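Morning, everyone. Please have the model up on your screens, and let's walk through it.

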Amino acid sequence: MDVQIHWTYITPKKQEAFLVSDWVDAKKALALADDFEKTGRTKTVEFVDRNGTVWSKKELQKLLEEIAGEPHEIVVYFDGGFDHETSQGGAGAVVYYKQNDHRYRLRANRRLGEIKSNNEAEYAAFWFVTQLLEELGVRHLPVTFRGDSHVVLKQLSGDWPCFEDDYNAWLDRIEAKLRELHIEPAYEPISRKQNKEADSLARQALEGQIITSRTELTGKG
């Protein structure tokens, strides 16, 4: 979790200066704040996350204690599949994360209802991912999202505009959920070859094979 430090510094001549730091890891930000306070010239200090939420020192310390045992270092792969003949869709997702000093991989898929296109299946797959993260208890954390749907990821990042009303509805829904969970998203488009695992899960969902499994990873796995 990254934050900016906002603090009011008092100069030796009793003048006040309001200062803002670069984005820093929350733990490092707390350590820096301790150093600031030791100077005896810090009037106020608070922390602001990437969602604009303001935290006091005690609030941020408490938050970090609460999320210590929750999933973190999260990387998500997603993919959507579409069957033109049946207008059915499939969503596949792979979530890599760390928890209590152990690394895990969550594999899951879902058969989607009536879908109009392959692009819509990709939006629905991303929405499925946000639900998985909510079930895992992911909140106030950075998450890296990877997929081969450059359209979805570029539109979510704001790099590309979206002109279709149906797709905008999906984008609004996804963005609202990310804000609700206070997730700090990073969007990384990848090739289809790099997204084979999520693609396979989406295809299996279309075939009626529903999968949910969690595996603890060892070594470099």
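Start with a charged pair. E188 forms a salt bridge with R146, and their closest N and O atoms are 2.8 Å apart. E188 lies in strand β10 (residues 184–189) and R146 in strand β9 (residues 142–147), so the pair ties together parts that are 42 residues apart in sequence. A salt bridge here is a side-chain nitrogen of Lys or Arg within 4 Å of a carboxyl oxygen of Asp or Glu. Helices (H or I, at least four residues) and strands (E, at least two) are DSSP runs, numbered from the N terminus.

Before going on, the ground rules. This is a predicted model: local features need pLDDT of at least 70, side-chain atom pairs count only at pLDDT 80 or more, and totals for chains, interfaces and linings use all residues. Residues are numbered from 1 along each chain as its sequence is written, and side-chain values use heavy atoms, with hydrogens and water left out.

Back to our pair. E188 is partly exposed, with a relative accessible area of 33%. R146 is also partly exposed, at 23%. The cut-offs: buried means under 20% relative accessible area, exposed means over 50%, and partly exposed is in between (1.4 Å probe, protein chains only).

How many salt bridges are there by this rule? The count comes to 12. In general, side chains of opposite charge can pair when their charged atoms come close.

Take another one. R107 and E197 form a salt bridge, with their closest N and O atoms 3.2 Å apart. R107 lies in strand β8 (residues 102–114) and E197 in helix α6 (residues 196–206), so this pair ties together parts 90 residues apart in sequence. E197 is partly exposed, at a relative accessible area of 27%.

Now K57 and D34. Their side chains meet in a salt bridge, 2.3 Å from N to O. This links distant parts of the chain: K57 is in helix α2 (residues 57–67), D34 is in helix α1 (residues 26–38), and they are 23 residues apart. K57 is buried, with a relative accessible area of 19%. D34 counts as partly exposed, at 30%. There is a network too: D34, E37 and K57 are linked by salt bridges.

K57 brings us to helix α2. Which residues of α2 are buried? They are K57, L60, L63, L64 and I67. These residues cover an arc of only 125° around the axis, which puts them on the same side of α2. That arc is taken from the directions from the helix axis to the C-beta atoms. As background, an α-helix has 3.6 residues a turn, so residues three or four places apart point the same way.

What covers the buried residues of α2? The cover includes α1, β4 (42–49) and β5 (54–55), with contact meaning heavy atoms within 4.5 Å. On the face turned away from the buried side, α2 carries the exposed residues K58, K62 and E65. E66 is partly exposed, with a relative accessible area of 46%.

Next, pockets. The search runs on a 1 Å grid over the protein atoms alone. A pocket is an open set of points where a 1.4 Å probe fits, with protein on both sides within 12 Å along at least five of seven lines; lining residues have an atom within 4 Å of a point. Grid points are joined across faces, edges and corners, and a volume is the space filled by probe spheres set on the points.

The largest pocket has a volume of about 290 Å³. β6 gives the most, with 3 residues. By class, the lining divides into 8 nonpolar, 1 polar and 3 charged. Ala, Val, Leu, Ile, Met, Phe, Trp, Tyr, Cys and Pro count as nonpolar, Asp, Glu, Lys and Arg as charged, and the others, Gly among them, as polar.

The second largest pocket has a volume of about 170 Å³. β6, α3 (118–136) and α6 each supply at least two residues of its lining. Again β6 gives the most, here with 4 residues. This lining has 2 nonpolar, 3 polar and 6 charged residues. Among them are D79, E122, R192 and R203.
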